[in-house]
Amino acid sequence: PREDGDILTAHDVHAGYGGFDILQGITLAVPRHQITCIVGPNGSGKSTAFKAIYGLIKIRLGTVDFEGQNITGQRPQDLLKLGIAMLPQLSTVFPGLTVEENLALGMYVVRDKRRIKARIDEIFDLFPRLRERRRQHASTLSGGERRALEIGRTLMLDPRLVLLDEPSVGLSPNLVSEVFAQLVELKEETGISVLMVEQNAKSALSISDLGYVIQRGRVSHTGSGAELLGDPEVRHSFLGG
Ligand code: ADP
Ligand code: MG
């Protein structure tokens, strides 16, 4: 049986760099088993929000809860144990390692080789193109395959919530829709909860159950993906009319 409700909530989060708040009181909720998307102009604080939630920068004021437990300020390794994984905007693969070896790194805390192998196989079900290239060095992958590998590695520990900072960054338009289609499939097949940040706002909102617009460190609009896509103000300001 699936529970509804929010898997993660952030309340009035203030955080930034060098004593200066970029986030001016961000409040948002991430519903369980759904795709939630944050969009907004460059430099508005989207990645900063992820870094604050994921314990990579200090939260000066405000709280973050996961499954009803206060996780404010907890470090990434502890969050990973709780079931939250994050793909940074700028992620890398190890070019000299094979696709399989790169995926195994996402499970470096696990000793059991068979468990790792089984999980890699599940990731290949999700990204069949990676299976074909399992023994190739990551350096030989296309941009889309590389990002899929980075996403796959983020999913290795089977998180309940995944934060994806621009999963489609650097991809050609057809690959963008491919990655989004895979995210929908992932959600439907595993019931994972997804919180993502996206520059490709239109395509991202079209697959999102819930969306937030962040401007200058504040949430300016919220609604279902479809509602935000239909909002004249949002369309005009962020979606190119
Ligand atoms: P985006 O919405 O594009 O992801 P960011 O959250 O990365 O925006 O950045 C928000 C603001 O914080 C920007 O003005 C950016 O220059 C600033 N910023 C980002 N990272 C740092 C950093 N490490 N040190 C200082 N300022 C930063
Ligand atoms: Mg960013």
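Reader: Over how many bridges do strand 1 and strand 2 pair?
Author: In this predicted model, strand 1 covers residues 6-17 and pairs with strand 2 in the antiparallel sense. Within that pairing Val13 stands opposite Ile26, while Ala15 has Leu23 as its bridge partner. The count of bridges between strand 1 and strand 2 is 9.

Reader: Which residue takes a positive phi in the hairpin of strand 1 and strand 2?
Author: The hairpin has 2 residues between its strands. A positive phi near 55 degrees is found there, and the residue that takes it is Gly18.

Reader: What is the bridge partner of His11 in strand 4?
Author: Strand 1 is also joined to strand 4, residues 59-66, and the two run antiparallel with 6 bridges between them. In strand 4, the residue that partners His11 is Thr63.

Reader: Why is one side of strand 2 and of strand 5 left without a neighbour in the sheet?
Author: The sheet is open and its 4 strands follow the order 2-1-4-5, with antiparallel pairing. Strand 2 (20-31) and strand 5 (69-70) stand at the edges of the sheet, so one side of each is without a neighbour, because each has a single partner strand.

Reader: Which helix gives the largest share of the shell around ligand 1?
Author: The residues around ligand 1 include Tyr17, Ile22, Lys46, Ser47 and Thr48. By class, this shell has 2 nonpolar, 7 polar and 1 charged residues. The largest share, 3 residues, comes from residues 46-53, that is, from helix 1.

Key. Residues are numbered from 1 along each chain as its sequence is written. Chains are lettered from A and ligands numbered from 1 in the order in which they are written. This is a predicted model: local features need pLDDT of at least 70, side-chain atom pairs count only at pLDDT 80 or more; totals for chains, interfaces and linings use all residues. A residue is near a molecule or strand if its C-beta atom, placed from the backbone, lies within 6 Å of it. Ala, Val, Leu, Ile, Met, Phe, Trp, Tyr, Cys and Pro count as nonpolar, Asp, Glu, Lys and Arg as charged, and the others, Gly among them, as polar. Two strands pair if DSSP finds at least two bridges between them.
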